[in-house]
Every structure is written in C-alpha cells, then in structure tokens.
Amino acid sequence: MLKLTNVYKTFNPGTITERKALIDINIELNEGDFVTVIGGNGAGKSTLLNLIAGVHEADSGTVLLDSTDITYQKEYRRSRYLGRVFQDPMMGTAANMGIEENLAMAFRRGKRRSLHWGITHEERLSYTEKLKMLDLGLETRMKAKVGLLSGGQRQALTLLMATLQKPRVLLLDEHTAALDPKTAKKVLELTEEIITRENLTTFMVTHNMKNAILYGNRLIMMYEGRIIFDISGEEKKTLEVADLLKKFETVNDSDAVNDRMILT
Ligand SMILES: Nc1ncnc2c1ncn2[C@@H]1O[C@H](COP(=O)(O)OP(=O)(O)OP(=O)(O)O)[C@@H](O)[C@H]1O
Ligand SMILES: [Mg+2]
C-alpha cells in the first residue's frame with residue numbers, strides 16, 4: 001500500500017554542508033505492516049519519515065500510497081491521512097487547551113470546520129472510553145490543560161490523537177525516547193495495542209535494539225542514508241540483539257552503533 005522507489009534526498013546540494021540523507025531507498029509495505037526502523041545518528045531515519053509525511057520532498061524517485069503518486073503532494077494534504085508522534089512530548093498537543101479540546105481537534109482533522117465547534121455528548125463519551133483504555137486516569141481530567149500532564153501522559157494522548165481517525169500510515173519517531181524507562185515501556189505497550197487493534201500500517205523509529213526486535217513484524221536498519229538490512233516474518237521473530245550488532249559490524253564503522261543503542 002506504501003511504495004518508495006529509488007528515493008534520493010540530499011540536503012544543501014553543491015555546498016560545503018552537502019549531506020546525502022537518503023540514497024536509493026526502496027521499500028514496499030503491506031497493509032498492517034508494523035516496521036521498526038533502527039540506525040545510528042544521522043542514518044536518515046527521521047528524513048525517511050519526514051519524506052513520507054511530506055515535510056521534505058524527494059529529489060528523485062517516487063512515493064506511492066494506495067497506487068496514488070504522492071511524491072510531490074504537500075504536507076498539509078498528507079496530514080489528513082497520516083498520524084505522527086515525535087520524540088518531544090511538547091509537540092503534537094496544544095498545551096493551553098484541555099484534554100477534551102485536544103481530542104476534539106484531532107477528531108476534526110481534515111474536516112471542513114463547521115460553525116458548531118461544540119463537543120457533542122456522544123463525542124465526549126467516546127473520548128472517555130478511549131482515555132480509559134490508556135489506563136492513566138485521564139478520563140477523569142477531561143478539562144485539565146494538557147500542559148499540566150507528564151511527558152508520558154502527553155505522549156499517550158498524542159498517540160490517541162494521531163490514531164483517533166484511523167491513519168493510512170502511522171509515523172512514530174522515537175516517541176518514547178524522552179520518557180523514563182518505565183513510562184516508555186507503558187507507552188510502547190499502548191502503541192502496540194492500538195496498532196494491533198486498528199491494524200495500522202506503522203513506521204516506528206527507535207534507537208533501542210531490543211524494542212526494534214520485540215515490536216512489529218518487520219525491521220529496517222539504516223546506515224548513512226541507505227537501508228542495509230530489511231527483515232520480516234519468521235526471520236525477524238528469531239532475531240537477536242547479537243545479530244543486529246553483527247549486521248552493524250559489516251559496515252565497519254564504529255559510529256554505526258552509538259552508545260544509546262548499546263546502553264539501552
Ligand atoms: N533539514 C535539514 N537540513 C540539512 N541537513 C539535514 C536536515 N535534516 C537532516 N539533515 C541531515 O541529514 C542526515 C540524516 O538526518 P536524520 O535526522 O534523518 O538522521 P536520523 O537517523 O534521524 O538520526 P538521529 O538518530 O540522530 O535522530 C544527517 O546528516 C542530518 O544532519
Ligand atoms: Mg532522528
């Protein structure tokens with residue numbers, strides 16, 4: 001359903017700061033694929049997600065979604081059918097607005113704004129139900145300003161907002177990296193629960209090799225703008241951290257694996 005063919009992206013071409021961020025990227029995803037993306041600093045993981053989201057345009061190559069060529073489609077148009085959660089808990093929600101208002105905004109994403117901005121009774125009930133599933137007690141704080149929530153609560157809410165209207169593709173860029181280990185685990189479990197329940201096609205960037213193995217049905221490893229390993233199905237199920245480290249060794253670059261990947 002999502003197909004990237006021979007995609008290249010270079011930042012600041014022809015200058016001293018030129019950086020080839022994506023080199024000949026080819027990926028074809030099936031409906032419901034949950035792909036974890038791993039790689040060292042500057043490997044091109046975020047650029048890949050940004051390119052799918054339309055933040056950056058490819059220099060060459062094509063991006064097809066459901067057989068439609070979206071290579072040059074603007075970001076705001078894609079945002080109607082893409083869900084995104086970033087590393088920073090401060091992004092993705094409006095701090096000065098209540099939990100309920102944030103959810104209502106997410107629910108109205110891409111819809112024509114009507115004169116009636118009021119939140120209906122049914123809507124409120126459905127938000128309460130969804131918040132209950134997070135098991136963070138947020139359903140009793142519907143009017144609370146989101147700025148008052150903890151990082152983990154905020155990421156869980158952002159995740160809910162990103163999936164309130166089923167996205168065609170869910171893009172998660174190290175969305176638990178800024179959380180403490182316990183909270184990160186909880187948000188990851190929630191993530192998997194929502195992805196499975198809604199059968200969401202997902203890219204999840206992580207620096208944690210264990211999580212890259214534990215979650216999803218496919219794993220992509222990136223190095224210096226290229227995909228150097230793409231594994232799925234039964235092969236992925238039997239994968240171990242040692243196998244990933246061995247793969248990184250093949251590129252013979254001590255920067256390919258950074259401390260974050262080892263220490264976590
Ligand atoms: N907007 C930009 N302008 C210029 N260079 C950029 C831009 N975005 C990314 N780059 C460069 O492209 C390369 C890939 O960056 P990217 O952010 O995709 O890496 P990453 O794999 O997400 O790394 P990290 O693990 O640090 O988040 C890096 O060398 C980066 O400096
Ligand atoms: Mg990144």
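This is a predicted model: local features need pLDDT of at least 70, side-chain atom pairs count only at pLDDT 80 or more; totals for chains, interfaces and linings use all residues.

Visitor: Why is Ala-156 called buried?

Guide: Buried means under 20% relative accessible area. Ala-156 has a relative accessible area of 0%, so the label buried applies. Leaving out residues up to four places away in sequence, Ala-156 touches Leu-134, Leu-136 and Leu-190. Val-85 is 71 residues from Ala-156 in sequence, and their C-alpha atoms are 9.6 Å apart.

Visitor: What makes a group of residues a nonpolar core?

Guide: The members have to be buried, come from a set of residue types that includes Ala, Leu and Tyr, and be joined through side-chain atoms within 4.5 Å. The largest such core here has 30 residues. Among those with the most contacts inside it are Ile-99, Tyr-127, Leu-157 and Leu-172. As a general point, nonpolar side chains tend to be buried together in soluble globular proteins.

Visitor: Which elements give two or more residues to this core?

Guide: They are helix 3 (99-107), helix 4 (121-134), helix 5 (151-164), strand 7 (169-173) and helix 6 (181-198). Helix 5 provides the largest share, 7 residues. The core also draws at least three residues from each of domain 1 and domain 2.

Visitor: What is Leu-103 in contact with, leaving aside its neighbours within four places in sequence?

Guide: Tyr-127, Leu-131, Leu-157, Leu-160, Met-161 and Leu-164. Leu-103 is also listed with the residues that have the most contacts inside the core. Apart from this core lies another one, with 28 residues, including Met-1, Leu-4, Val-7 and Ala-53.

Visitor: Where are the domains, and how many residues does each put into their contact?

Guide: The domain assignment gives domain 1 as 2-81 + 167-263 and domain 2 as 94-166. Their centres, taken over C-alpha atoms, are separated by 27 Å. Domain 1 puts 19 residues into the contact and domain 2 puts in 15 residues.

Visitor: Which residues come nearest to ligand 1, and which element gives the most to its shell?

Guide: There are 14 residues around ligand 1, and Arg-19, Gly-42, Lys-45, Ser-46 and Thr-47 come nearest. Helix 1 gives the most to the shell, with 3 residues. Strand 2 (19-29) and helix 1 (45-53) each supply at least two residues.

Visitor: Ala-58 lies in a loop. How do you know whether Ala-58 is buried or exposed?

Guide: Its relative accessible area is 6%, and the limit for buried is under 20%, so Ala-58 is buried. The loop in question runs between helix 1 and strand 4 (60-65). Not counting residues up to four places away in sequence, Ala-58 touches Val-7, Tyr-8, Leu-51, Thr-71 and Tyr-72. Ala-58 and Lys-9 are 49 residues apart along the chain, with their C-alpha atoms separated by 5.3 Å.

Visitor: Why is Asp-135 called exposed, while Glu-224 counts as partly exposed?

Guide: Exposed means over 50%, and Asp-135 has 56%, so Asp-135 is exposed. Glu-224 has 41% relative accessibility, between the 20% and 50% limits, so Glu-224 is partly exposed. Asp-135 sits in the loop between helix 4 and helix 5, with a positive phi of about 60° although it is not a glycine. Glu-224 is in the loop between strand 9 (218-223) and strand 10 (226-232), and its phi is positive too, near 45°.

Terms used
Residues are numbered from 1 along each chain as its sequence is written. Chains are lettered from A and ligands numbered from 1 in the order in which they are written. Side-chain values use heavy atoms; hydrogens and water are left out. Buried means under 20% relative accessible area, exposed over 50%, partly exposed in between (1.4 Å probe, protein chains only). Helices (H or I, at least four residues) and strands (E, at least two) are DSSP runs, numbered from the N terminus. Domain bounds come from an automatic or database domain assignment. Contact means heavy atoms within 4.5 Å. A residue is near a molecule or strand if one of its heavy atoms lies within 4 Å of it.
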